[in-house]
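Dear colleague,

Please find the structure below.

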Amino acid sequence: MDFNFSKEQEQLGETIQRFVAREYSTERRKAILKSREGFSREVWAQLAELGLLALLIPEEHGGMGASALEVLLTMNAIGKALLLEPYLPSAILGTSLVRDLGSGEQKKAMLPALAAGELIVVPAHGEAGARYELERVATRATATADGFVLEGKKAVVLHATAANMLLVSARTAGAVNDRAGISLFVVPRDAAGLSLQEYPTLDSQRAADVTLHEVRVPRQNLLGPEGGAFEALSAAFDLGIAALCAEAVGALSASLDATVEYTRTRKQFGQPIGKFQVLQHRMADMLMHVEQARSMSYLAAMRCTDGDAAVRGRAVSAAKALVGQACRFVGQQSIQLHGGMGMTDELLISHHFRRLAAIELSLGDTEHHLEKFARGAQ
Amino acid sequence: MDLNFTDEEQAFRSEVRAFVRGHLPGGIRDKVLNGRHLTRDETMDWHRILAEHGWGAPTWPKEHGGTGWDPVREFIFEEECAAYGAPRLLPFGLRMVGPVIMTFGSAAQQQRFLPRIAAAQDFWCQGYSEPGSGSDLASLKTSAVRSGNHYLVNGQKTWITLAQYADWIFCLVRTDPAARAQAGISFLLIDMKSPGITVRPIITMDGGHEVNEVWFEEVKVPVENRVGEENKGWTYAKFLLGHERTNIAGVGASKRELDRLKQIAAGESKNGRPLLEDRAFAARIAQVEIELLALEITQLRVLSAEAARKAPGPEASLLKIKGTEIQQALSELMMQARGPSGLSFEGISATYCNLRKTSIYGGSNEIQKNIISQWLLKL
């Protein structure tokens, strides 16, 4: 057992922290928020240059072949600086699905382009009414002579508009909640019959509901075995949960730091409000949430790539349930302790609050994972 | 980073497990698993069995007769002992006065006291709190007045755990009444057989006799029994409290109690199904289990960092708060799991009452939050 990062990992962590501190000031972020796409292609290219889009890509395809710990360090920094770029949907979820399911040819075509930041690929999996159940897929894919026809609707597809390709899950067999029978398809965003309804998310990122009506894809766009995508989806989402937990820890500790600093400088009744014990104890509670969340982000990172799906699932569910509660407590108390200033759009703390709330609702909320963990723990 | 135990650590775990299973007396184990109090002999017997195997001081360095284990081995040892139902080694000698003597005591004190602690020959207790000095420990009034080669000690200590069994008590006493609160305190080692010492039991709400009042009336204590410098006792006291807090987390014992909770919940029924399968109750158990899982990692993180800098830090307060919250939550759930049977005043309901102490002792959890605010958040 060892709690230290390697020298190389420490250096990577420092590089990313320096990068976001330099390139992602609150002012710059505000400008990016107002831009057409809601994220910066320039920053995306810089992330590619730093090798951060290639963390999960094997070396033979021009990537870093890194572990979940490098992802954790990257996500810590992303959470701290509140990056708006589609890192989680494309560099983590989309990339790992292509890596795990793609044929030799698909990988050759997509992975180097993903690493270079030339390609954005996001999963289009969730559906209205499925909540967080991974196997509940109603979208259908019907085989034709040379390919498939997709019919259905996908909900809250992150950064769908920015993506070049969507990885659409659709049922080629089975009932609506069967694990077997789910297939994944690479669908160009501009495919005929595919339409997007875009909207901003709670945390000012972009998402879309996707309608697929008679969308025709050739057979070579099938990603992975026909009807056999569930295991890879589950593995990719577990990795995504670990990444979200790490991002949360970055955002949580930034929120705590900002709150402590604010209560040191804000004066009322002739003294800094941080001198009041009722607020000190609240911040001590926040610190305990942050440190427990940090511990669980380590556990999730170390187990999310475990070959045993039960071990993996148990760890990420425990982590997400605990981190979700930390997100809620620390987020809410950060606003409370900032008083009226916490309510303003101007201060970064309200943006942290919204991101923390969004993380809690993403890839399974606290209740979902608590119940999942409880079922597995009996 | 690697959260897996190494092969050597796994082998060590097997070794500890085999030893505990082979050597823990059945009577002691029964009492621990059912939350009953141990006698002095039972407590000392287990410690002696470990000492004879060379494990009498699992948290001490080798040069003082300890095992020299790293924090991970200490953790494994504690976990394996707790899992099978071994009593927790009492912290007063091993975790409290021992490290103080090692760090601040004279060579003569080290030779005199440390081997007897490690060998389970002396039973120690802690004389910190007074009736008027609980959380505000530095306001303590028990006085020690120098008279030749002795101090004359007068005053009253309270909440002294297991003083009724103790051979020695380490005390914070006031040696300079004129100085500012923290500045006039010294750290004395006092033989419990000294004339003038009276021990009076305090019966707690669970019906148990764990704590006592200890009265000092003109008690003669040789000056050579003072640890470190006169009037510097507060420094040693704070050092000791840091060690105490790290130990209080009790992750190993809480894991055992979690298993016990699940067993109880599996045996009770609700709506004709095992209570363990009730969604609401299962979610409450899962909540505590997840907190405990996180605390285990947090504890190992804190202990590894402490080992690297060789001193406990304010992070120990976090372990104390979380650890005691979990202990209390588990005992509460166990009592609730029993349903109306929980009304009978026996092991589980008595333990529920008894464990309310955990968020009060060792510096109340509110005091721990003051420490976190001051030292970690720097407010």
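How many residues of chain B are in contact with chain A? There are 39 residues of chain B in contact with 40 residues of chain A, where contact means heavy atoms within 4.5 Å.

This is a predicted model, in which local features need pLDDT of at least 70 and side-chain atom pairs count only at pLDDT 80 or more, while totals for chains, interfaces and linings use all residues. Residues are numbered from 1 along each chain as its sequence is written, chains are lettered from A in the order in which they are written, and side-chain values use heavy atoms, with hydrogens and water left out.

Between them, chain B and chain A bury about 3800 Å², with 65% of it on carbon and sulfur atoms; buried area is the accessible area (1.4 Å probe) that two parts lose on being put together, summed over both. Chain B and chain A are joined by 4 salt bridges, each a side-chain nitrogen of Lys or Arg within 4 Å of a carboxyl oxygen of Asp or Glu. One of these pairs Arg279(B) with Glu371(A), at 2.9 Å from N to O.

Chain A is divided into domain 1 (7-120), domain 2 (122-227) and domain 3 (231-377), with bounds from an automatic or database domain assignment. In chain A, 21 residues of domain 1 are in contact with 25 residues of domain 3. These two domains of chain A bury about 1900 Å², of which carbon and sulfur atoms give 78%. On the domain 1 side, Leu72(A), Leu82(A) and Leu93(A) lose the most area to domain 3, together 24% of what that side buries. The count of salt bridges between domain 1 and domain 3 of chain A is 0.

Yours sincerely
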